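Here is a short briefing to read alongside the model. Keep the viewer open and follow the residues as they come up.

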2 protein chains.
Amino acid sequence: MSRSEIPSAGKIAKVTCIGGGVIGAGWAAHFMRAGLDVVVYDTAAERESYLRESLAKAMPALIELGMAPSASPSRVRFTTNFEEALDGANFVQESATENIDAKIALIARIDANTAPDVVIASSSSGFLAAHLRSRAQRGERILIGHPFNPPFLVPLVEIAGGEGARQAAADASAFYRSTGCEVVELEREIDGYIGNRIQYAVLREVLYLMSQGVADLEAIDRAIAAGPAIRWAVMGPSSVFFLGARDPSLYGKFVEGLDREMKSGYMAPASFQPDAELMQAYAEQVKSSIGVDGQARLMALRDVGVVGIRGVLQRARVKLDGSHSR
Amino acid sequence: MSRSEIPSAGKIAKVTCIGGGVIGAGWAAHFMRAGLDVVVYDTAAERESYLRESLAKAMPALIELGMAPSASPSRVRFTTNFEEALDGANFVQESATENIDAKIALIARIDANTAPDVVIASSSSGFLAAHLRSRAQRGERILIGHPFNPPFLVPLVEIAGGEGARQAAADASAFYRSTGCEVVELEREIDGYIGNRIQYAVLREVLYLMSQGVADLEAIDRAIAAGPAIRWAVMGPSSVFFLGARDPSLYGKFVEGLDREMKSGYMAPASFQPDAELMQAYAEQVKSSIGVDGQARLMALRDVGVVGIRGVLQRARVKLDGSHSR
């Protein structure tokens, strides 16, 4: 596939979202904000009202983040007609349910019904692009474009599977960036990509702390938010550790200390594996501490918090570097 | 020890910081901002100029966070005289080098030289209060008050060892909160407390991703910052997962899915243990990617970023709850 066959980010005007659930509707809000025409396809016609509600709920955050001049919810269309959804699409974002066989079949169908120069990105949370493209004719334009929920708020998009789709990965990166995403390209595919794996590593340690009676989950959440995470949100953990050494020349010695502490009981032992009972106790404790009614408040806090943090970090980088880049 | 013997938070006017390194000087800046009299003790006289420089560097962030009306760097005093440093202290924050035997001896000396109703909190990063108080006469007022670097910026203070010092833990919590900290009390002591253990769990997964050639550390830092951490900084990981289920009633099932993914290769295998060579490759990659000259820029970004995030979250909570509390 030659460079000229792939539309540049700037040439993408119409995006098709396959699947109108939480992630698909979240992507629709994100692409809409960037001033694009968006078509959302779902087999279930009742998803149209869910899509409209999601867009309406997202609007305050989208306005706060900044809308493209031509952006409008009226440019988001819903359809249950597969071929019509893909007609004229310049980019496809697939967000169907996580079922590997169904996804492989769906992606082969998208591939067969889409112009050959169009990138097909899957929102999948852990499947490998190498598997997802296995039954497609033009696998070299199929990759993972994994967002964090909700896609219109959290800036990260992870691109995986680029080793089999180099040009498509470069084009997808440019496109996502043009819509305001923070893009990270994996050099080699791995289950869970980066972000999810980090979440599971943290969850495992949280479960261990809970199982040992160290603190309840509400306290652990507060400790992580007000401690490590507030620094990580600014720069990630390796950069944070680099500031832990008084002098950069002592950093090698500082890292030896980290290694020693990791090995001397400052982490859940390798033998610790949460069982089904502990997982359900975890679910119960979260549910009873937050409460069903607490979900709406938490979502509002998340929306205002994440939008605000993005604004803070963008202003900080502009101030320090005179640009929006890191 | 009766309730009346312990000064309430409001009665604490003079804080003594034992140790004038990065953490001790950072605490001095924090307590100074709260409008307290602060004495910093260190055996090395040259630490006085380091303290003055640290305070001067911290001032823009302290002003942005908001200074108590009576706060002034002129109320921070430095001394190399141990007894004089502790004379009249209402609260002692110990931040000496992490060496267990030296700390035990130092804390016994502090205990012997301090009025019996004064809480002695150690900034230690992993030692247990149960060990630290082992040679003290009045161990029930000795506990861990562990900050995150720098203490004047990152709000978390972890209180550990409270099972042997219930009243002191309650008083220390009230005092730290009165100075603007986010306090988390551990119900049971554990090496590394909560925040550090979470950091090591993340570091282990980061090392695995690096060792597998999935991405370089710069990309991993960006993925964590712009993905999981931006949500965690708002509410912690368990609350984030609670928002991942479309409906709170489906949350138990959602947690089963997390468990399955943790167990099916979405995390470094239990057999993975970073060796010394990998740790040094890690240190080298961070050092060469950030660069020695990059440390100053990163520190500036951290200061502006963390102060800004604290402001965003405080305003968000006031807006949602009409109060500053979570």
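**A tyrosine and its neighbours**

Leaving aside residues up to four places away in sequence, A:Tyr176 touches A:Trp27, A:Phe31, A:Phe91, A:Gln93, A:Ala121, A:Gly145, A:Val157, A:Ile159, A:Cys181 and A:Val183. Please bear in mind that this is a predicted model. The largest nonpolar core has 232 residues, and A:Tyr176 is among the six that touch the most other members, together with A:Ile194, A:Tyr282, B:Tyr176, B:Ile194 and B:Tyr282.

**Where the two chains meet**

- On each side of the contact between chain B and chain A there are 116 residues.
- About 11400 Å² is buried between chain B and chain A, and 69% of that area is on carbon and sulfur atoms.
- Between chain B and chain A there are 37 residue pairs in polar contact, counting pairs with both residues at pLDDT 80 or more.
- Several elements of chain B give two or more residues to the side that touches chain A, including strand S8 (182–185), helix H7 (195–211), helix H11 (276–290) and helix H12 (294–321).
- H12(B) makes the largest contribution to that side of chain B, with 20 residues.

**Salt bridges between the chains**

- In one salt bridge, the side chain of A:Asp321 meets that of B:Arg297, at 2.7 Å from N to O.
- In another, the side chains of A:Glu205 and B:Arg197 meet at 2.9 Å, N to O.
- This second pair joins two chains, because A:Glu205 lies in helix H7 (residues 195–211) of chain A and B:Arg197 in helix H7 of chain B.
- Are these two partners buried or exposed? A:Glu205 has 1% relative accessibility, so it counts as buried, and B:Arg197, also at 1%, counts as buried.

**Salt bridges within a chain**

- A:Arg302 pairs with A:Asp303 in a salt bridge, with the closest N and O atoms 3.2 Å apart.
- A:Arg302 counts as buried because its relative accessibility is 9%, and A:Asp303 is buried too, with a relative accessible area of 17%.
- In chain B, B:Asp37 forms a salt bridge with B:Arg75, and their closest N and O atoms are 2.9 Å apart.
- That pair ties together parts 38 residues apart in sequence, because B:Asp37 lies in strand S2 (residues 37–41) of chain B and B:Arg75 in the loop between helix H2 (47–65) and strand S3 (76–79) of chain B.
- B:Asp37 counts as partly exposed at 34% relative accessibility, and B:Arg75 is partly exposed with a relative accessible area of 25%.
- Salt bridges with shared partners link A:Glu94, A:Glu98 and A:Lys103 into one network.

**Backbone features to look up**

- Which residues of chain A are joined by a cis peptide bond? The bond joins A:Asn149 and A:Pro150, with omega about -10 degrees.
- A:Pro150 sits in the loop between strand S6 (142–147) and strand S7 (156–160) of chain A.
- In chain B, the peptide bond from B:Asn149 to B:Pro150 is cis, with omega near -10 degrees, and B:Pro150 lies in the loop between strand S6 (142–147) and strand S7 (156–160) of that chain.
- A:Tyr193 is not a glycine, yet it has a positive phi of about 55 degrees.
- A:Tyr193 is in the loop between strand S8 (182–185) and H7 of chain A, and it is buried, with a relative accessible area of 0%.
- B:Tyr193, again not a glycine, has a positive phi of about 55 degrees.
- B:Tyr193 is found in the loop between S8 and H7 of chain B and counts as buried at 0% relative accessibility.

**A closer look at A:Glu84**

- A:Glu84 belongs to helix H3 (residues 82–86) of chain A and counts as partly exposed, at 36% relative accessibility.
- Not counting residues up to four places away in sequence, A:Glu84 touches A:Lys14, A:Arg77 and A:Thr79.
- A:Met279 is 195 residues from A:Glu84 along the chain, and the C-alpha atoms of the two are separated by 43 Å.

Conventions. Residues are numbered from 1 along each chain as its sequence is written. Chains are lettered from A and ligands numbered from 1 in the order in which they are written. This is a predicted model: local features need pLDDT of at least 70, side-chain atom pairs count only at pLDDT 80 or more; totals for chains, interfaces and linings use all residues. Side-chain values use heavy atoms; hydrogens and water are left out. Helices (H or I, at least four residues) and strands (E, at least two) are DSSP runs, numbered from the N terminus. Buried means under 20% relative accessible area, exposed over 50%, partly exposed in between (1.4 Å probe, protein chains only). Contact means heavy atoms within 4.5 Å. A nonpolar core is a set of buried Ala, Val, Leu, Ile, Met, Phe, Trp, Tyr and Cys residues joined through side-chain atoms within 4.5 Å. Buried area is the accessible area (1.4 Å probe) that two parts lose on being put together, summed over both. A salt bridge is a side-chain nitrogen of Lys or Arg within 4 Å of a carboxyl oxygen of Asp or Glu. A polar contact is a pair of N or O atoms within 3.5 Å; within protein, one must be able to donate a hydrogen and the other to accept it, and residues adjacent in sequence count only if both atoms are side-chain atoms.
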